[in-house]
Amino acid sequence: MSTLLEQASLVMIPSGYKEDVVYSQIPTNGNGDLSFTRASNGTRVNSAGLVEVCPWNFVAQSESIGTSPWLLNGATLTSGQTDPNGGTTAIKVELASGGNNYVYQGIPLTNPVNIVSAYLRADSATTIGFSLGGSNANAVNLTTSWQLFTFSSTDTSGGIIFDNYFGPSPTQQAKTFYIWGAQLNIGSTAKPYFPTTDRLNVPRLTYQNGGGGCPSLLLEKQSTNLLVYSEQFDQWSTNGTTTANAGISPDGTQNADRLNYTSGNIYWLDASINVTNGVSYTYSLYVKPTSVGNQFRFYLDGAFNDSTVITTDSSDWKRYTWTFTASATGSINPHVLLGYGYSSQSILVWGAQLEASTYPTSLINTTSASATRVADFATTNNISSLFGSTEGSFFIEMTYDGRNSSGAIPLFLRSSTNSAYNYATYLQFGTTNITLEAYSGGTSQAVISGGSFTNGQTLKVAFGYKANDFVLYVNGVQIGTDTSGSISANLSFIDLGTYNQIASTYQYNGTISEAVLFPTRLTNTQLAQLTA
Amino acid sequence: MKTFLKYEFTPTQWATLRKLIEQTTTAPDGGESTTWKDCAVVEIGFICLEWGTEDDKPVCTKQSDKWAVDILFYAEVPKEFAPFEVYPNPCGVHTFSGDDSLYLKTFCAKFPDSPYCIVPEPKPTI
């Protein structure tokens with residue numbers, strides 16, 4: 001395998017990333033890096049097996065203090081200052097005397113505990129205000145050396161502020177100091193610093209099976225969590241009681257709520273949502289029961305009634321899901337029920353989601369409004385020099401999801417001549433099989449289709465292409481050959497996740513753990529070896 | 001440069017304006033596929049303006065006759081959309097996950113004196 005990889009012109013094994021970019025291991029000059037697009041937050045499973053918002057740093061423009069959404073009052077900023085790493089990305093802040101002068105960024109906070117950090121120094125020892133939230137000022141003593149200041153707070157009323165307003169009798173003196181690397185993450189443990197600009201387009205390298213192992217790139221369709229207060233069940237209506245922040249949740253912080261049950265019939269009701277007749281929806285909820293076998297019920301009423309009873313089968317946290325199809329258009333009331341004749345005890349809950357989808361997607365956290373995660377997409381720049389001009393091969397390892405893969409295009413090799421499918425070479429899933437199709441100049445040149453896969457199966461797919469010589473392998477087995485046709489002309493781009501960034505119909509929902517381009521047509525033996 | 005804006009249209013207005021941000025592409029299955037161009041769109045629909053209760057359950061007693069749409073533009077916003085912008089208090093009934101500050105930016109440019117746009121003043125207790 002490693003010998004074969006040495007023949008590759010591009011190797012992308014998801015490991016290194018930053019905002020907007022997934023790094024490729026080959027080539028090392030950055031030409032093969034993938035631009036990543038998802039103009040919203042999303043969640044992943046991190047290496048510790050915890051559900052985590054990407055990016056976990058809630059501060060935008062963490063190294064560009066002064067750029068929106070930072071707000072300034074009585075502050076003069078000078079960029080290009082020496083930072084703790086020897087670079088020049090720190091910012092000098094000069095606060096004028098008098099008034100409540102500040103550098104501030106408002107950050108909506110809902111987690112009960114959050115931790116903030118920043119590297120700070122001054123030209124001479126001084127004290128400034130460095131606070132989180134709007135209720136208590138926090139004074140920090142700066143020296144002439146960079147120091148990382150970190151503190152946690154339960155104040156969720158505001159954002160992060162550096163100011164000259166602190167102490168029992170604020171003197172509001174002029175202050176000069178330097179800032180670098182501001183961060184805020186949920187919980188009481190500071191995570192490694194993650195630099196941000198607009199906090200958008202952050203790839204999700206996920207460890208879907210509970211942490212450990214190697215990560216893979218998570219690619220999902222756009223989806224909206226129609227429920228509000230997805231983690232704050234004390235905001236749901238109930239005829240019982242809710243204990244907020246009663247346990248450690250799947251995100252590793254003390255923000256799981258307990259739905260208390262003693263006897264009778266108890267409901268928890270979220271805000272009403274509008275649904276459309278004939279559309280399928282999936283209701284999901286993370287639950288940790290008192291004991292295995294505890295039951296709860298997903299229940300809907302309003303425009304129509306429907307429900308299902310869930311029997312827990314794990315004593316640990318598990319995400320339980322229910323997919324239903326709306327039988328009327330209108331407003332429905334989503335509930336979680338305990339009692340009603342079922343074997344109920346109190347349960348810990350977290351991460352409720354209801355989305356217009358036939359399967360659950362990753363959690364989209366909500367507060368007072370429903371929220372949308374937009375689709376993931378990754379593409380290269382024009383890398384025509386990495387493609388062979390007359391032949392080539394491609395290897396991709398991914399997880400097949402039989403619930404949602406039909407029609408999905410996980411890999412699209414795009415021509416510089418025309419971005420349409422009928423100038424490209426691509427893989428497309430059927431209901432249980434996969435198809436390799438190559439077009440050139442608008443005409444189909446080669447089609448190979450086959451295989452029969454099961455849900456959740458890891459697929460190692462490789463194909464080779466050369467004039468009148470196409471072949472497709474999956475998991476060591478030759479799916480087929482096509483001995484007639486030209487290769488796609490002017491292949492220059494690699495798209496991961498969908499076809500030409502259009503239509504959710506083609507959106508691949510799943511993970512990709514490796515993508516490798518070869519400039520030559522590997523032998524069938526080599527392709528079999530790659531996919532074995 | 002991304003811009004998060006909220007709109008209300010009559011169904012007819014939306015049917016006309018949506019064409020400005022749609023693109024049609026021939027699909028691998030041979031058909032035509034229409035998708036959004038340089039933006040993400042969430043059609044919220046007819047928002048409930050007033051709620052009542054019936055058997056202790058919420059019931060919408062007054063529904064807007066306008067079709068609410070949230071759009072996250074990745075490029076320049078078509079000027080034809082401007083008359084239909086609405087500015088509910090942040091972030092209304094829907095947001096794009098993590099993009100609240102984008103909406104707050106446009107909201108505060110419109111309403112700089114809103115309580116949502118004023119920096120909280122820490123209490124000098126330490």
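Two residues are in contact when they have heavy atoms within 4.5 Å. With that in mind, look at chain A of this predicted model: among its contacts with a separation of 6 or more, 71% are between residues 24 or more positions apart.

The secondary structure of chain A consists of two helices and 42 strands. Along the principal axes, its C-alpha atoms fill a box of roughly 85 × 65 × 35 Å. How does the radius of gyration of chain A fit a compact globule? A compact globule of 532 residues would have a value near 24 Å, so the 26 Å of chain A agrees with that.

Now for the surface. Chain A exposes about 18700 Å², and carbon and sulfur atoms supply 45% of that area.

Turning inward, 57% of the 532 residues of chain A count as buried. In soluble globular proteins, nonpolar side chains tend to be buried together. Here the largest nonpolar core has 47 residues, and A:Leu427, A:Ile494 and A:Leu496 have the most contacts inside it. Strand 38 of chain A (residues 458–466) gives this core its largest share, four residues.

Take a closer look at A:Leu427. Beyond its neighbours within four places in sequence, A:Leu427 is in contact with residues including A:Ile396, A:Met398, A:Leu411, A:Ile434, A:Val461, A:Phe463 and A:Leu472. Another core, of 30 residues, lies apart from the largest one; among its members are A:Ile266, A:Phe296, A:Ile310 and A:Leu338.

Notes
Residues are numbered from 1 along each chain as its sequence is written. Chains are lettered from A and ligands numbered from 1 in the order in which they are written. This is a predicted model: local features need pLDDT of at least 70, side-chain atom pairs count only at pLDDT 80 or more; totals for chains, interfaces and linings use all residues. Side-chain values use heavy atoms; hydrogens and water are left out. The radius of gyration is taken over C-alpha atoms; the globule rule is 2.2 Å times the number of residues to the power 0.38. Buried means under 20% relative accessible area, exposed over 50%, partly exposed in between (1.4 Å probe, protein chains only). Accessible areas come from the Shrake-Rupley method with a 1.4 Å probe; for residues, only the protein chains shown count as cover. A nonpolar core is a set of buried Ala, Val, Leu, Ile, Met, Phe, Trp, Tyr and Cys residues joined through side-chain atoms within 4.5 Å.
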